[in-house]
Amino acid sequence: MSTPNVTTPSFIVRVPATSANIGPGFDVVGLSLSLHLTLHVTLDAEKSSSPTSGRPPPPVLTYSGEGASEVPLDPYKNLTTRVALYVLRCHDHPFFPPSLTHIHVDNEIPFGRGLGSSGAAVIAGVLLADALGSLRLSHERMLDFALMVERHPDNVTAALVGGFVGSYLRELDPVATEAAQVPLSEVLPEYPPDAGADWGLSPPVPPNGIGHYVRFNWSDSIKAVAIIPRFELSTAKAREVLPESYTRKDLVFNMQRLAVLTTALGQSPPDPELIYEAMKDRVHQPYRKLLIPGLPAVTSLLTPSSHPGLLGICLSGAGPTILALATHNFEKIAEAARDIFRTEGIEVDWKVLEIAEGSKVVYS
Ligand SMILES: Nc1ncnc2c1ncn2[C@@H]1O[C@H](COP(=O)(O)OP(=O)(O)OP(=O)(O)O)[C@@H](O)[C@H]1O
Ligand SMILES: N[C@@H](CCO)C(=O)O
């Protein structure tokens, strides 16, 4: 990790990458992975009093690593700092605190590849606000705020609590449903550039207890090989191609597999035949193949018999990354996937990842 060009940070926020779905668990399961988004946050106690009028100057934002050339460095436009400001505003802190002088972001999670970069940015923003405002939010309440921004729970839950996690969104009463569905433009509004301008409407405070989760066991022998094509695919685009409804046959196909998968990945030793079949999906992958040339070939040609060590293979999140779960032979599996993608003219990078701990705030 590169060292930020700042004085000693006052605290660090560290959030893992995540892979959602793991085949049949569309919008349900997530797995935290050992690539991290890290914020190095510097506070200057001498600047702790607010100006008598207008807003205090926002922090300086600097960035290194993945996405550094494309991410907005204006704290009113950057996803992490906008989420932090949203959470602060919901707790009667109308501005970034004047003592917050600098945030250096070091990012290992590639953007728009299906490794939960946006979920990590959102969770980092919630944790940043929690630390800056001494809010002491519970994990449950943090999830409520995260779910107002990223509305499927799989990535944000796994990024926050870590491990192999299943989650659902509670059915809310009509008033709470409306509150949880306000447009994103009201949760993360455009902030007027004029320092004297009013922010306008109060932010929409989330209802309580939107998301609930459980952590499944994970066999220590299983690692995740992320095969990452060198192109971005936005989650929004990859969701547009999905149908509104499914046949009973396809839903039962996925539910049967998901029920088996959540236990099978915790067993030692893991059973490759059981897991390979349990990682198949009929809800999202078949529709996303047009956006990801090579997807059907990679997920059907690599099997536990052709590649010993392989347990199962699926699209990671909304793609285009492919996630191969394996106990050994990682390089052979990744290189075979690379060869298949090359026949489609797509270059990939690959990494062997561990299952990561959840998000942390560490004070210096
Ligand atoms: N660290 C970050 N800081 C600010 N914005 C970010 C950061 N990471 C991601 N983003 C924003 O999120 C976008 C990518 O989100 P998107 O949901 O499309 O993909 P993803 O989260 O990487 O994939 P998936 O949801 O399938 O795992 C980026 O283009 C960028 O706008
Ligand atoms: N479950 C989500 C994960 C991506 O954020 C999807 O597949 O669209």
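How many nonpolar, polar and charged residues does the shell around ligand 2 have? In this predicted model, that shell has three nonpolar, five polar and four charged residues. The residues concerned are A20, N21, F26, D27, H152, D154, N155, T235, R239, R288, G317 and A318.

An N or O atom in the side chain of H152 is 2.8 Å from an oxygen atom of ligand 2. The corresponding distance is 2.7 Å for a polar side-chain atom of R239 and 2.9 Å for one of R288. Of the 260 Å² that ligand 2 exposes when taken alone, the protein buries 96%. Elements β1 (11-21), β2 (25-43), α4 (153-161) and α7 (235-240) each give two or more residues to the shell. Because domain 1 (11-212 + 356-363) and domain 2 (217-353) both contribute to the shell, ligand 2 lies between them.

Oxygen atoms of ligand 1 are approached by polar side-chain atoms of S117, at 2.6 Å, and T235, at 2.7 Å. A polar backbone atom of A318 is 3.0 Å from an oxygen atom of ligand 1. The protein covers 84% of the 640 Å² of accessible area that ligand 1 has on its own.

Definitions and conventions
Residues are numbered from 1 along each chain as its sequence is written. Chains are lettered from A and ligands numbered from 1 in the order in which they are written. This is a predicted model: local features need pLDDT of at least 70, side-chain atom pairs count only at pLDDT 80 or more; totals for chains, interfaces and linings use all residues. Side-chain values use heavy atoms; hydrogens and water are left out. A polar contact is a pair of N or O atoms within 3.5 Å; within protein, one must be able to donate a hydrogen and the other to accept it, and residues adjacent in sequence count only if both atoms are side-chain atoms. Accessible areas come from the Shrake-Rupley method with a 1.4 Å probe; for residues, only the protein chains shown count as cover. A residue is near a molecule or strand if one of its heavy atoms lies within 4 Å of it. Helices (H or I, at least four residues) and strands (E, at least two) are DSSP runs, numbered from the N terminus. Ala, Val, Leu, Ile, Met, Phe, Trp, Tyr, Cys and Pro count as nonpolar, Asp, Glu, Lys and Arg as charged, and the others, Gly among them, as polar. Domain bounds come from an automatic or database domain assignment.
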